[in-house]
Amino acid sequence: MLGQLEKLKQNALQELENIASAAKLESWRVHYLGKKSQLTAILRSLATLPLEERKTVGSQANEVKTALETSLEEKGQLLREAKLTAAGEGHIDITLPGRPFPVGGLHPITQTLYEIYDIFASMGFQVVEGPEVEWDYYNFEALNIPDEHPARDTMATLWVDFETEEGKRPMLLRTHTSPMQIRVMEKMEAPLRVIMPGKVYRYEASDATHVPMFYQIEGLAIDKDITMADLKGTLYEFARRFFGEDRKVRFRCDYFPFVEPGVEMAIECLVCNGSGCRLCGNTGWIEILGAGMTHPQVLKNGGFDPEVYNGFAFGMGIERMPMLRYGIDDIRLFYGSDLRFLRQF
Ligand code: DAH
C-alpha cells in the first residue's frame, strides 16, 4: 500500500504541473483529495489494518495528503496571479507618471491688492472693507458733493433707488471707495490709519481703458497734527516700494471736493523713463492717484472736530498698477476669464 501511495503522489503532482485553469484545478482537487478519491479511501480503510501497518500507512497517507494540499494552495495562488497579470496587460502602463493635480492661482488683481496691503500695513495702516451698494449720502453728500454739484457728472452712476414707506431713498452702486472714509470716521477713533479696498462701479461702456466694474484702494489717516508732508512721505514710500527705488514722483494741484488742498500724484513714465512716449502722451509722467488733506467739512461729517483733528486721504485705481508694470494695454483682459492671460501671473 505504501508503493500505491507513493505512485499516487507522483501522478498527482505531475498532473498538477500541467494545469492552467481554475476549473481544471478544481477537478484535480476532487479527483485526488475529494470524498471519493483513492486517498480518502485509503485513509478510511486504515481502521481495518493491523496495528503496525496502520501506523506506517497512516503516517505515509497523511504526509501525502498534506503535500497535495500544499501544492494545491500554491498552484491556486499562481493561477490567480497569472490571471491578474493577463487582465492588466495592454490596459495599465505602470511606468506612466501620475496625473498632475491642477493647482489654482490668485487673480492678478488680487495679487496686486495683497501687495499693496503689505506695503501700507508696514506703515501701520489696517484694512477695512465696506458695502458696494451705498447710500447717496456716503457716496456724494457727506463727501461735499451735494445734489447739484458738477463733480457728480464726472462719475456716471448706476442708481438702485431704495423704496421706503416715506418714498424713495437714493441708493447706488458706489462710484468710488471714498464713501468708506465717512463710514470709518463714524466708527473709529483717532489716531487712525486705514486702507479701504474694493469694487466700484461706473455706468460706462467697456473699451481698452474702461470697464463698468473695477477696483480702488482708498486711504485715510486722521490725527491731531497730520501735515501734507505725511501725505507726501507715505505716498512716496508706496511708489518706491511698488514701482522701484529710483522711480521719480511728482505732486501737482488737483481738485476733489472732499480734500483741500487736493493733489494728483504721478510717477515717471515706466516705458520712456521721463523722455516722453506714446504711453505717457509725451509728458514723461503717468498719473496714478488722487489725494489731499481732508476737507474740514468732511471731518465734521465723520464726527471729528476740524479745529482739533486733521488728516489726509488718497484713492487709486488698482488695474492701472499691473497694467503699467507689465505693459498691459487693455484693461478688459483682467475680466475676460481667458486663462492664457491669467495664468501668466
Ligand atoms: N475718489 C476719487 C475718484 O474715484 C479718487 C480720490 C481722489 C480719492 C482724492 C481720494 C482723494 O481719497 O483724496 O476719482
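Student: Before we start, what do buried, exposed and partly exposed stand for?
Tutor: Buried means under 20% relative accessible area, exposed means over 50%, and partly exposed is in between. Please keep in mind that this is a predicted model.

Student: Then where does L158 fall, buried, exposed or partly exposed?
Tutor: L158 counts as partly exposed, because its relative accessibility is 26%. The residue lies in strand β3.

Student: And which residues is L158 in contact with, neighbours in sequence aside?
Tutor: Once the neighbours within four places in sequence are left out, L158 is in contact with L172, L173, Y201, R202 and Y203. Take Y203: 45 residues separate L158 from Y203 in sequence, while their C-alpha atoms are 5.6 Å apart in space.

Student: You mentioned β3. Which sheet is β3 part of?
Tutor: Strand β3 belongs to an open sheet of three strands, ordered β2-β6-β3, with antiparallel pairing. The edge strands are β2 (133–135) and β3 (158–159), since each of them pairs on one side only.

Student: How many bridges hold β2 and β6 together?
Tutor: Three bridges pair β2 with strand β6 (residues 171–173), in the antiparallel sense.

Student: Changing topic, is strand β8 largely enclosed or open?
Tutor: Strand β8 (residues 213–223) is largely enclosed by the rest of the structure, because 10 of its 11 residues are buried.

Student: Which strands does β8 pair with?
Tutor: Strand β7 (residues 192–201) runs antiparallel to β8 and is joined to it by 10 bridges. There, L192 has I222 of β8 as its bridge partner. Strand β12 (residues 310–317) also pairs with β8 in the antiparallel sense, over eight bridges. In that pairing, E218 stands opposite G315 of β12.

Student: What surrounds the ligand?
Tutor: The ligand is surrounded by 15 residues, and the closest are H176, S178, Q181, Q216 and E218.

Student: Which polar atoms lie by the ligand, and at what distances?
Tutor: A nitrogen atom of the ligand is 2.9 Å from an N or O atom in the side chain of S178. An oxygen atom of the ligand is 3.2 Å from an N or O atom in the side chain of Q181. For F314 the backbone is involved: one of its polar backbone atoms is 3.3 Å from an oxygen atom of the ligand.

Student: And how much of the ligand does the protein cover?
Tutor: On its own the ligand has 360 Å² of accessible area, and the protein covers 89% of that.

Student: What about R250, buried or exposed?
Tutor: R250 counts as buried, because its relative accessibility is 19%. The residue lies in strand β9 (residues 249–254). Apart from neighbours within four places in sequence, R250 is in contact with E264, M265, A266 and W285.

Student: Which domains does the chain have, and how far apart are they?
Tutor: The domain assignment gives domain 1 (2–88) and domain 2 (108–131 + 177–342). Their C-alpha centres lie 90 Å apart.

Definitions and conventions
Residues are numbered from 1 along each chain as its sequence is written. This is a predicted model: local features need pLDDT of at least 70, side-chain atom pairs count only at pLDDT 80 or more; totals for chains, interfaces and linings use all residues. Side-chain values use heavy atoms; hydrogens and water are left out. Helices (H or I, at least four residues) and strands (E, at least two) are DSSP runs, numbered from the N terminus. Buried means under 20% relative accessible area, exposed over 50%, partly exposed in between (1.4 Å probe, protein chains only). Contact means heavy atoms within 4.5 Å. Domain bounds come from an automatic or database domain assignment. A residue is near a molecule or strand if one of its heavy atoms lies within 4 Å of it. A polar contact is a pair of N or O atoms within 3.5 Å; within protein, one must be able to donate a hydrogen and the other to accept it, and residues adjacent in sequence count only if both atoms are side-chain atoms. Accessible areas come from the Shrake-Rupley method with a 1.4 Å probe; for residues, only the protein chains shown count as cover. Two strands pair if DSSP finds at least two bridges between them.
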